Amino acid sequence: MRGVKMIDCIKRAKEVLDIEADAVRALKSRIGKDFKKALSLILSSKGRIVVSGMGKTGIIAQKFSATLASTGTPSLFLHLAEASHGDLGKVTSDDVVVVISNSGSTTEVKQLLPVLKKVGGKIIALTGNKNSPLAKYSDVVLDVSVKKEACPLGLAPTASTTATLAMTDALAVCLLEKNGFKEKDFALFHPGGALGRRLLLTVGDIMRSGRNNPVVSAEKTVSQVLVKITQARAGAASVVDSKGKLMGIFTDGDLRRHLEIDDKLPQRKIKDVMTKSPLVVKKDQLAAEALRILEERKIDEVPVVDEKNRPVGLLDVQDILRAGVV
């Protein structure tokens, strides 16, 4: 950093963040009927969402298109320069075309607009110039103008690209929610990624079963149950009635609570000291959902039951952590 003191760089960096934060914050007052109209156009589209841009805004356009595609809205990226050299053939009348251009008046944009109008697809503009040709010929205009760029020369797109990226994220998140997109849908589109694999894991994939799932009769004593838990190397045992149906669970927490007040605890019947009618989960529930339940209820183990309320497994929070769900 020739000629610039480090302390001046720190001050300047903070100023850049302030400028960009202000640019994003200013967008809030512009979220209104045009934003809702843009959402409606996209939601009613029978085709895909074609996102186009060039240079820095082209990079923002690629990110927006990728976010849409991964969150349930079919999309493709169209490079503005390549569009006029054959790639416009990708666009159909059923598509909605989102064109991102700060000036809205580049040669590539002006070449693109008449062809798009002839094809018949709807156009949504994200531009910093509401008087530009792009704004004039678009069906919806979202104003992403900024007071100034963070670049001291006012040349490199900085605050303007940050504001545009934030506006596209706002669109993507609203579309995600309107489409009812869930975690399992996200995992479906990311099967090759670690996140996708983790989100698709079910309780049945990682629960303890067989000899690792201690299930005891309600008539057993605490000492007998502790032996069973120790042999299974578990932190709890499911307690069942004479028909094998779940009555309760006995955990390390139950043991500690009763040890403090009952010196005859080892001889007590487990049905007298267990936690009755415990929370349960099913095998086909997502492990991520089970983890949320355990965290909300502040418990470490939960029985896994079948449709007749018989314990078929035991899920421990450690099993979920080992599987990399979080």
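Before the views, a word on terms: two strands pair if DSSP finds at least two bridges between them. Helices (H or I, at least four residues) and strands (E, at least two) are DSSP runs, numbered from the N terminus. This is a predicted model, in which local features need pLDDT of at least 70, side-chain atom pairs count only at pLDDT 80 or more, and totals for chains, interfaces and linings use all residues. Residues are numbered from 1 along each chain as its sequence is written, and side-chain values use heavy atoms, with hydrogens and water left out.

View 1. For the next part, "buried" means under 20% relative accessible area, "exposed" over 50%, and "partly exposed" in between (1.4 Å probe, protein chains only). Five of the five residues of β10 (residues 301-305) are buried, so this strand is largely enclosed by the rest of the structure. Follow the side chains and you'll see Glu-301, Pro-303 and Val-305 point one way, while Val-302 and Val-304 point the other.

**View 2. The whole protein.** Step back and you can find 15 helices and 11 strands. The radius of gyration is 29 Å, well over the 20 Å that the globule rule gives for 326 residues, so the protein is more spread out than a compact globule. (That radius is taken over C-alpha atoms, and the rule is 2.2 Å times the number of residues to the power 0.38.) Along the principal axes, the C-alpha atoms fill a box of roughly 85 × 55 × 35 Å. Buried residues make up 42% of the 326.

**View 3. The open sheet of five strands.** Its order is β2-β1-β3-β4-β5, with parallel pairing. At the edges stand β2 (75-79) and β5 (140-143), each with a single partner strand, so one side of each is left without a neighbour in the sheet. Direction ignored, neighbouring strands here are turned by 20 degrees against each other on average. (Axes are lines fitted to C-alpha atoms, for helices over the stretch in contact, and angles run from 0 to 180 degrees between N-to-C directions.) Zoom in on β1 (residues 49-53) and you'll find five bridges joining this strand to β2. Val-50 stands opposite Leu-76 in β2.

**View 4. Helices on the five-stranded sheet.** Contact, in this view and the ones below, means heavy atoms within 4.5 Å. Helix α2 (residues 33-43) lies across β1, β3 (96-101), β4 (122-127) and β5, running at about 130 degrees to β5. Helix α5 (residues 107-119) packs on the sheet too, touching β1, β3 and β4, and its direction makes about 165 degrees with that of β3.

**View 5. Helix α7 and its cover.** This helix (residues 159-178) has 20 residues and reaches 29 Å from its first C-alpha to its last, close to the 28 Å expected at 1.5 Å a residue. (The expected span is 1.5 Å times one less than the number of residues.) Its buried residues include Ala-163, Met-167, Leu-171 and Leu-175. An α-helix has 3.6 residues a turn, so residues three or four places apart point the same way. Among the elements covering the buried residues of α7 are α1 (6-25), α2 and α3 (56-70), along with β3, β4 and β5. Just after α7, Gly-180 takes a positive phi of about 65 degrees.

**View 6. The open sheet of four strands.** This one has the order β6-β7-β8-β9, and its pairing is mixed. The edge strands, β6 (215-217) and β9, each pair on one side only. Between β6 and β7 there are three bridges in the parallel sense, and Ser-217 has Val-240 as its bridge partner in β7. Helix α11 (residues 222-232) packs on the sheet, touching β6, β7 and β8, with its direction at about 75 degrees to that of β8. Helix α12 (residues 252-259) packs there as well, touching β8 and β9, at about 70 degrees to the direction of β8.

**View 7. Strand β8 and its partners.** Five of the six residues of β8 (residues 246-251) are buried, so this strand is largely enclosed by the rest of the structure. Five bridges join β7 (residues 236-240) to β8 in antiparallel fashion, with Val-240 partnered by Leu-246. These two strands form a hairpin with five residues between them, and Gly-244 in the turn has a positive phi of about 80 degrees. Two bridges link β8 to β9 (residues 275-276), again antiparallel.
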